[in-house]
Amino acid sequence: MRVTVLKCALLAPVAASLLFGQVESAPLKGSVQRIKVHGVGLEKNLEGDSPDRDVSIYLPPSYKKETKRRYPVLYLLHGFTDSDELWFGFKKHWISVPPIVDKAMAAGEAKEMIIVMPNAFTAYQGSMYSSSVTTGDWEGYVARELVAYIDQHYRTMPRAESRGLAGHSMGGYGAMRIGMKNPEVFSSIYLLSPCCMSTRFSSRTQPGPVPAESVKSAADVEKADFGTKAMLASAAAWSPNPANPPLFLDLPSKGGEPQPEVLARWAANAPLSMLDQYIPNIRKLHAIAFDAGDEDRMIAGTNVVLDRMLTAYGVTHTYELYKGNHINHIAERIDKKVLPFFSSNLVFAGTKR
């Protein structure tokens with residue numbers, strides 16, 4: 001009898017909590033899909049990359065249950081040598097987006113939104129989100145083809161006011177490049193440590209060809225160091241040459257000497273060089289933000305110039321320099337800065353602007 005009474009006494013609080021709903025439920029989590037989205041503008045690219053691109057999609061916790069609800073979309077662009085597979089946790093990496101978003105939404109720091117990331121890892125390990133015959137039209141793929149597909153197949157709010165564009169490093173470059181050209185598609189942009197905002201190239205102190213000049217095949221690309229890969233990817237995107245096989249690009253160096261004509265083509269693709277002509281478009285954007293770590297000196301320096309130029313034109317924006325390097329606080333920045341930024345600046349169901 002005593003054992004029975006003791007058991008009842010122990011079980012009573014549990015039963016009461018179940019009855020009155022006092023047991024804390026586990027935080028709701030979103031779901032992730034990985035699909036293929038074909039790019040017509042990526043067909044027949046000279047690198048030989050497939051035009052059928054992997055795309056990772058985060059669907060918020062309520063998506064499956066609230067079947068009539070529609071959501072804003074954040075298009076998130078990864079950096080050079082990275083991929084959607086790495087950023088969405090399919091492989092172990094220094095960042096995994098889904099748990100970051102789950103945490104921010106559970107804490108009330110972010111509203112529920114769909115997040116989309118295309119795989120821009122190419123034969124040269126990064127598309128630069130640009131447009132060339134060598135890489136394909138990545139700019140058009142992100143701004144038109146991918147957006148159209150997502151709007152057709154998911155419950156989005158298909159208007160610019162409900163679309164955001166963000167990216168890290170190469171992705172930050174892509175977000176600036178694509179965002180300032182397509183204000184009718186995206187209303188708000190956030191650049192995380194954006195690379196390549198200005199053209200910088202210097203020949204080595206020692207005479208002779210730079211390492212990129214010795215690369216003749218995809219196998220050579222795999223063995224190259226980061227700087228060589230970055231030069232090849234940039235050349236494929238900004239100085240393509242269909243008459244120059246097997247890489248179909250022109251390098252900014254020949255025999256170690258800078259090539260002014262090629263560098264001029266690179267400069268034409270640098271956002272700080274392009275910005276003046278796109279100010280009317282930039283003024284149409286609802287919100288602009290960008291940041292970088294203070295140890296990421298070159299990128300932080302170009303952010304200072306971007307801040308100065310936008311200020312001179314009277315364009316409202318947010319700029320922040322924080323303590324850190326190129327990657328060590330990116331997960332935290334997405335949690336505490338990027339997601340709240342888009343939660344405040346995109347139009348959600350039931351709200352107006």
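In helix 7, the buried residues are Thr228, Lys229, Met231, Leu232, Ala233, Ser234, Ala235, Ala236, Ala237 and Trp238, where buried means under 20% relative accessible area with a 1.4 Å probe, protein chains only. Because ten of the 13 residues of helix 7 are buried, this helix is largely enclosed by the rest of the structure. Helices here are DSSP runs of H or I with at least four residues, and strands are runs of E with at least two, numbered from the N terminus.

This is a predicted model, in which local features need pLDDT of at least 70 and side-chain atom pairs count only at pLDDT 80 or more, while totals for chains, interfaces and linings use all residues. Residues are numbered from 1 along each chain as its sequence is written, and side-chain values use heavy atoms, with hydrogens and water left out.

At the start of helix 7, a side-chain oxygen of aspartate 225 comes within 3.3 Å of the backbone nitrogen of glycine 227.

Turning to the whole, the protein chain has twelve helices and twelve strands, and buried residues account for 53% of its 353 residues. Of the contacts in the protein chain between residues at least 6 apart in sequence, 74% join residues at least 24 apart.

Note on methods: Buried < 20%, exposed > 50% of the residue type's maximum accessible area, 1.4 Å probe, protein only. Contact = heavy atoms within 4.5 Å. Polar contact = N/O pair within 3.5 Å; in protein donor to acceptor, adjacent residues only side chain to side chain.
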